[in-house]
2 protein chains.
Amino acid sequence: MSAASPWSLHPRLAADTSEVGDLPLSRLLLMNDANYPWLLLVPRCVGAEEIVDLDEMQRNRLGDEIALVSGALKSVTAADKLNIAAIGNIVSQLHVHVVARRRSDPAWPRPVWGALPARPYEPQARAQLLAAIRGAVGLA
Amino acid sequence: MSAASPWSLHPRLAADTSEVGDLPLSRLLLMNDANYPWLLLVPRCVGAEEIVDLDEMQRNRLGDEIALVSGALKSVTAADKLNIAAIGNIVSQLHVHVVARRRSDPAWPRPVWGALPARPYEPQARAQLLAAIRGAVGLA
């Protein structure tokens with residue numbers, strides 16, 4: 001990371017999310033979509049677009065953070081299934097989706113991408129979920 | 001892995017794929033869908049449904065194999081983007097999709113899951129792709 005090009009969050013990701021906080025490698029974000037508890041992990045690595053753009057230590061760290069966030073989502077949401085994905089066909093900055101799915105959610109069993117329009121959170125519900133996730137991942 | 005319940009590939013995954021071979025952790029499979037070069041990594045871990053069901057060593061090994069297979073797909077297919085995902089809403093046995101996407105493919109920029117009916121490979125094209133992937137991941 002040089003002084004000339006520090007890492008910054010892609011504006012589209014910033015616009016679609018609320019910040020949870022920074023883990024050692026990644027910024028953790030909550031998607032502004034109340035259809036499902038949907039987190040993003042964005043490694044703060046300048047120029048990374050693919051998981052293979054990370055070195056082995058960063059890749060293992062990302063795996064640790066996926067596991068941490070997965071456990072947190074399971075404890076906070078009682079999900080039936082986790083969906084984890086690095087797609088990036090529209091926003092190329094590397095970001096990993098970690099989505100808590102329930103058999104009763106409105107897109108089940110389809111994947112969430114493109115399935116439904118985002119549904120805004122009630123501000124209080126979002127604040128409560130953010131607080132619960134911060135507590136579960138140790139960012140409280 | 002006990003003698004009473006050895007690992008076996010889920011029959012739905014077996015029916016939808018051709019076998020590439022076994023990496024140290026995972027069985028590597030080619031989806032029978034010529035719309036995109038589409039591989040699956042299936043960790044041979046009895047009962048695993050989520051990435052968090054793996055221990056840290058297995059998770060790091062899975063990350064290594066995702067990186068190996070990603071590099072192989074990039075070298076063999078000249079992909080514009082890789083899409084990597086563990087979803088499992090229909091088949092719960094843990095399996096990781098590694099899909100080589102091109103901006104000219106018929107589903108771009110949508111994710112591939114549920115986008116299009118599978119298109120069968122010509123047998124010779126499939127054999128050539130399997131051979132190229134085996135060579136690129138060291139299974140030749």
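Reader: Which residue in β4(B) is the bridge partner of Ala85(A)?

Author: This is a predicted model in which local features need pLDDT of at least 70, side-chain atom pairs count only at pLDDT 80 or more, and totals for chains, interfaces and linings use all residues; side-chain values use heavy atoms, leaving out hydrogens and water. Residues are numbered from 1 along each chain as its sequence is written, while chains are lettered from A and ligands numbered from 1 in the order in which they are written. Strand β4 (residues 81–86) of chain A and β4(B) pair in the antiparallel sense over 3 bridges (helices, H or I of at least four residues, and strands, E of at least two, are DSSP runs numbered from the N terminus; strands pair if DSSP finds at least two bridges between them). In β4(B), the partner of Ala85(A) is Ala85(B).

Reader: And in β5(B), which residue is the bridge partner of Ala85(B)?

Author: On this side, β4(B) pairs with strand β5 (residues 96–101) of chain B, in the antiparallel sense and over 5 bridges. There, the partner of Ala85(B) is His97(B).

Reader: How many residues of β4(B) are buried?

Author: Lys81(B), Asn83(B) and Ala85(B) point one way, with Leu82(B), Ile84(B) and Ala86(B) pointing the other way. In a regular strand, side chains alternate between the two sheet faces. Both sets are buried (under 20% relative accessible area, with a 1.4 Å probe and protein chains only). The strand is largely enclosed by the rest of the structure, because the buried count is 6 of the 6.

Reader: In chain B, which residue has the C-alpha nearest the axis?

Author: A rotation of 180° with 0.0 Å of shift along its axis superposes chain B on chain A, at an RMSD of 0.0 Å (least squares on C-alpha atoms of residues with pLDDT of at least 70 in both). The copies are therefore related as by a two-fold rotation axis. In chain B, the nearest C-alpha lies 2.0 Å from that axis and belongs to Ala85(B).

Reader: Which are the edge strands of the open sheet?

Author: The sheet has 10 strands with antiparallel pairing, in the order β1(A)-β2(A)-β3(A)-β5(A)-β4(A)-β4(B)-β5(B)-β3(B)-β2(B)-β1(B). An edge strand here pairs on one side only, as do β1 (17–22) of chain A and β1 (17–22) of chain B.

Note on methods. Buried < 20%, exposed > 50% of the residue type's maximum accessible area, 1.4 Å probe, protein only.
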